[in-house]
Amino acid sequence: MSLLVLSTQDVDAVISELQPNDLENLMAPVFYRLSSRSEYASPHRTSISMAQHTALFMPSRVPDLGTTIKVVSVPSVPGTGQGLPASTIVLDEVTGCVKAIMNATYLTALRTAAGSVLATRLLISKVPKTLVAFGAGKQIKAHVDLHLRAFPSFESCTIVNRTGMDGTRLYELVSSLRQSHPSIVFNTIKLGDRDRVKDAVSKADVICTATSSEEPLFPSEWVSPGTHLNLVGSFTSRMHEVDSELIHRAWKVVVDSRDACAIEAGELIAAGKATDPNVNLIELGELVKEGDGGKFIPVELPKCLREPDGVTIFKSVGVGLQDVAIADLVLSRAESTGCGTRIKYYHG
């Protein structure tokens, strides 16, 4: 039996052919399954401290898709600019052997962005024209690229980070996005330039944050009514990308998983939303239903999600079912196109 190895280049070749609707249609049933408590296995992640990283291990199984284990190494010192090394191992359901291993560094960002785009589609109450993003890593690249492709109405995008264009990472990110989206007006702002950040936030239709900040990136008062926010950066109780006042303006926050966010979403914990997640939080999977032909369609939104002076918020800490779904899709596409390298790994 052979092992299929998918490198960064192999994974990039496969996902370059994926369209936004492919990814939205992939994630809708994943979140639906999670919320309906259908059969799946996704224990909470475990971690091991290394010399310079914390290694996270995330196993998951979806009966009709497969079993995977994703391993992500988080640097002990943030801001190295090297990203998060990640790999996904795919197991054979019959033999129990590992049948594939793929570079998952960008896949993690892509599956997270796909969930955010789905949330934006379901929750936004206006035609979006202005996008503001906080951060400059792979998550922001995936979020900006996928939102701009999914919503042709966008006209401008402002990216805010600590260093502004003084940093190589932001320069490379914006150069890549400009090449992919020549009709979009891109702007960059240093996080410390409060006046410009305030102006950008107040004009935003959609805000995406993907940082490890332990202090709110901007105050609630800067955010205009009707704005939709995707918060994907925090994953510990001490991290807070936005303040509690903004969380309360959403009344009910939409999350990928109540259970996971009650433990890991610092903003929700600080705002008291995690104390009774069944009352304060609503899962993204509750906003879709299975329609004719197995296609998933939106349900009528609860009125509490559309308060006149409020905002809509999607908070994601990531769920293992997303990793299974994206790995299954990439693996099936790779096998059909002959992508990757096969290694004779087992005897017999």
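The paragraphs that follow go from a pair of helices to a few aromatic rings.

This is a predicted model, in which local features need pLDDT of at least 70 and side-chain atom pairs count only at pLDDT 80 or more, while totals for chains, interfaces and linings use all residues. Residues are numbered from 1 along each chain as its sequence is written, and side-chain values use heavy atoms, with hydrogens and water left out.

Begin with helix α2 (residues 20-35) and helix α3 (residues 105-123), whose axes come within 9 Å and cross at roughly 85°. The two helices are therefore roughly perpendicular to each other, a term for angles of 65 to 115 degrees. Where they are in contact (heavy atoms within 4.5 Å), Leu23, Glu24, Met27, Ala28 and Phe31 of α2 meet residues of α3 including Leu110, Ala114, Leu118 and Arg121.

Arg121 also lies over the face of Phe151, at 4.4 Å from the ring centre; for such an arrangement, CZ of Arg or NZ of Lys must be within 6 Å of the ring centre and within 35 degrees of the ring normal. Elsewhere, Lys141 lies over the face of Tyr106, at 5.9 Å from the ring centre.

How many aromatic pairs does a search of the whole structure find? It finds three, where a pair needs ring centres within 6.5 Å. Phe151 and Phe154 form one that is edge-to-face (planes over 60 degrees apart), with 6.1 Å centre to centre and 85° between the planes. Phe151 is buried (under 20% relative accessible area, with a 1.4 Å probe and protein chains only), at 7%, and Phe154 is likewise buried, at 4%.

Key: Axes fitted to C-alpha atoms, helices over the stretch in contact; angles between N-to-C directions. Helix = DSSP H or I, 4+ residues; strand = E, 2+ residues; numbered from the N terminus. Parallel < 35°, antiparallel > 145°, perpendicular 65-115°, else oblique. Phe/Tyr/Trp six-rings, centres within 6.5 Å; stacked < 30°, edge-to-face > 60°. Buried < 20%, exposed > 50% of the residue type's maximum accessible area, 1.4 Å probe, protein only.
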